[in-house]
Amino acid sequence: MKYRCVCLFVILFVWQSVTFGASDKTDPRYKQRHYRRLVLENKIKVLLISDPTSDQAAASLSVGAGSLNDPPEHQGMAHFLEHMLFLGTKKYPAVDDYKNYIASHDGYSNAFTGTEYTNYHFQVSNDYLEGALDRFSQFFIAPLFNPKFVEREMQAVDSEFSKNRQNDYWRISQVERSLYAANHPARMFHIGNSETLGQTTQEELLKFYHSHYSANLMNLVVLGKENLDTLQNWVETYFHDIKNLDLPPFTFPQKYLSKSNQLRLLRIKPVKDSRTLQLTFPLPSVRHRYDSKPSQLLGFLIGHEGTGSLLSLLKKEGLATGLSAGGHSQSSYGTFRISIQLTPQGLKNYKTVITRVFQYIRLLRKTGLPLYVYDEVQKMAEIDYRFQEKEEGTGLVIDLAAMLHYVPLPVVEIDPYLYKKYDPDLFDSLLFRLTPDNMLVSLIARDQKTRQREPYYGTAYSYVSNDRQLIRQLKRVRYHPELKIPEKNIFIPEKLAVDTPDIPFGLSYQSIAGLKQDQVPSSVLNRLMEHQGQRWNSWQDFQTLVFPDNPKEAGDLRKLMIKHALVLPEKILDNPQGTVWFQQDIRFGTPKAQLTLLLHTPEVYKSARSAVLSQLYVNAIEEGLNEFGYMVHLAGLNYGLSAQKKGVTLNISGYSDRILDLTQTLADKLKKIIIDDTTFDAVKDQQVRLYQNFQFNQPYQQAWYFQNLLLEEKKFSIDQYQKEIETITLRELQDYAQKLYRTVYVEGVVYGNLMKSEAEKTIEGFLAKIDATPLSPSEKFVDKIVQLKGKNNYIYSKKASVDNSAIYYGIQVGKTSPRLRGALLIISKALRPWTYTELRTQQQLGYIVEGGMSQIEKTLSWMFVVQSGKYPAGLLQQKISKYIPEFIEKFKKMSDDDFEVLRQSVITAKLEKATTSTEEAGRIYYAAFEKDANFDYVSEDIQAVENLTRNEVNQILEKYLSPEYKHRLVVRMVGQSHQDTPVMGTLIDSVEQFKQGQKAGSEH
């Protein structure tokens, strides 16, 4: 021990880091979250975040090199390098060591390559952060770049490219980039494939790595429950050996698209049936102007959807259905893009649409940036930041690591989120660059006439630059009388006080387990265990009864008690009309609330036509309320309708100041379709294209859909929807809205910063306005799952409309129980990473590989999903069938210590708490209506996992995964470029005949 302490002193002395500021900083929003800022001796910028209440630890390292750094002879090199870093290091040479370590400790890891930055990140169970940092840091110290994996991982990059070949986002982007200046790196093919990377050697990878991965271009953000000194010690210990080459930040040409006095028009043919007009404007970079955010404000005004907006006018004229606008800056250049979803009329008259855009720009030039608009945006940003529900895990660290490339360390967690400077001159400097001669127009639709092919994705397109007259007209456009600057928003919240309720709570088995995991002292924990199962009416009661001699000890425990205590909701409605639960927030301390109401109604899913009408109904209601709803959304309130088999769900969330009023307002509007025939045609057209475009979704997504179609006893198909929607009229939809709520049973949850009496009154008022006859509980829709009959392997095969093949390989286990689900979760903790390593990394079957437990309603299954551009679905089935017994043997040979790690990982995952009001409301809803109001069901799950023996898990593994257990359903999506192979099992010729031949179960 003494030797270790001496060595540590030497290490800290040699690897001295520079610490910013006179003292560490506490986040004013979350009192237990503390920050420390460092620059290590090798010049890595580091932000440490200590938070003992965080459910998981996380880290992200962002490298200041990306796809713009690709050598022209090896396009995709930065992306390829990102893949290679995961495949072993000098200290941890096993190809799967890092991923297995993260996955077996309830974690997740990934990386992505951007244009200028490459980001690596992970999150992991709190107790295993140090081990994860050790392994993670080696990526940037001594990666192996093992030659035997160079060719193999190149195929993985090619598989990723293949996955995206028929993705319109990638296809359109590459066509547009092909028009950029010949010498600009943004023009290149960034993702890479086997053609562009085919000659890449290990030496070339090493050369790129050693010339771009320099410590002084790296930012590291670490989140852990440990104190800041411990986190700093770990970072200095594990990251100090990253080499600093003192490279200057990489810079790139500012101009990627020159001005033109002729209209530059791209006509692009997409894979999916879409109609989009995209206007792209090259701009100078304003990334460093995060204090005033001019491009965000410009996007806010052009993309506004309220009264007098550009979109409202385009909708009124029947030209468009949607619009978005926004800017993005690299270090050296920027882009502003306006994207408009067109109607058929808008496609024919795209020049009119462009004219309307410049009429709005003309209006903005006249008004400039109104101060009241800035003030509203600034105020909402401050409110949102102040009351942001605590972000954790990779979602927190990734953004901070990226922003450290252009935001100073001392302010990185604050300034990028706020508006600190009203700068109308800077706003105008961007606005006045939105000119017709500084614009690229992309017209994207399937009926475009094209003459060229983009070489990488094969996208059909044409490009012309010849319309001088339109450019001149656009420069001289006049104001349009119906276009207006946004009105002041009356929904901005004013009452932001947070109630501090003292509501009943108790200690459950889960509570004790969570407190133990958060390392509450054993003396305190033992005292609390004596009171397990008890409830107290208030904190004062708890303190008096449990800590009568030491109230300070109880006070120190309060934050963790609030996190882990069992709080039982109360019913505020319990009668023939329905059941609604209420719980006041004691965890998040924000002026927010969440309301979820499921209105059970038999009208929604009694036929395929009813199902289509319900989808059109939801879209029509939201379209009719769009201008109103947009202003509500800008004020931090969100509402949404969705149709499902059981009925219609209404979700409302946001600042509690207006949430109950909004609920009442929406109740008045749910029975009225207020759109006109033109708007109805647009809504219907969007739904038709949604059905038609399904065939172009990723094959693995289609395979998942078909397994649901086969296993859900009552499920209408997309083909049925397409036939029904053709003859539906606006009149029929209006009649449907009137009868939709004739009989209703409501199930709901109200959660947040609200008073019980207010919530009760609101629910009563809502139901009074719906004015429905109570639906008998026995008439509610109950989903039943087909139970696979006999010892058969069932195969459903379908030719896909895209190139890749995919397979869903499911093994039905049976009805869920805490014990069975617990065993499957333990096994899945090993199955997921091992399947990925074997089928993706070793065998290179495809880019998308997944294996683990799945659940449809209350039926548990094993599932394997693989998508491949190289191999047909039948071969993928063979590979999975061969792999399963190999996995069984490997799992059985696992050491007892490794098994216990998997068990603890499952328990840790079950102890994780919701991080937002919306998540917490969802948890309450699930417990109330899926777990029969057993709000402590997690305690039962944890005890079941703890009590499982190694032998019991092995028995369950062998029983339900062995080849002798035949309850298997395989869905094959056969890619266009692949041939189907002979079926190994019983072929399903008809979905309906298959269902009729099986015994429908009662799981629901």
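This is a short chat about the fold of a predicted model.

User: What are the ground rules here?
Analyst: The model is predicted, so local features need pLDDT of at least 70, side-chain atom pairs count only at pLDDT 80 or more, and totals for chains, interfaces and linings use all residues. Residues are numbered from 1 along each chain as its sequence is written, and side-chain values use heavy atoms, with hydrogens and water left out.

User: How many helices and strands?
Analyst: The protein has 36 helices and 32 strands. These are DSSP runs numbered from the N terminus: helices are H or I, at least four residues, and strands are E, at least two.

User: What share of the residues is buried?
Analyst: 59% of the 1004 residues. Buried means under 20% relative accessible area (1.4 Å probe, protein chains only).

User: Switching to sheets. What is the strand order in the seven-stranded one?
Analyst: β11-β12-β10-β13-β9-β15-β14, an open sheet with mixed pairing. Two strands pair if DSSP finds at least two bridges between them.

User: Which strands are at the edges?
Analyst: β11 (320-329) and β14 (452-453). Each has a single partner strand, so one side of each lacks a neighbour in the sheet.

User: Which helix packs on it?
Analyst: Helix α6 (residues 168-177) does, touching β9, β10, β12, β13 and β15. Contact means heavy atoms within 4.5 Å. The direction of α6 makes about 150° with that of β9. Axes are lines fitted to C-alpha atoms, for helices over the stretch in contact, and angles run from 0 to 180 degrees between N-to-C directions.

User: And how do β9 and β13 pair?
Analyst: In the parallel sense, over five bridges. Ile268 stands opposite Ile444 in β13.

User: Now the largest nonpolar core. Which residues touch the most other members?
Analyst: Tyr617, Ile673, Tyr741, Val750, Ile763 and Phe766, out of 96 residues. Such a core is a set of buried Ala, Val, Leu, Ile, Met, Phe, Trp, Tyr and Cys residues joined through side-chain atoms within 4.5 Å.

User: Which helix gives the most to this core?
Analyst: Helix α22 (residues 608-624), with nine residues. Apart from this core lies another, of 59 residues, including Val849 and Tyr883.

Note on methods
Buried means under 20% relative accessible area, exposed over 50%, partly exposed in between (1.4 Å probe, protein chains only).
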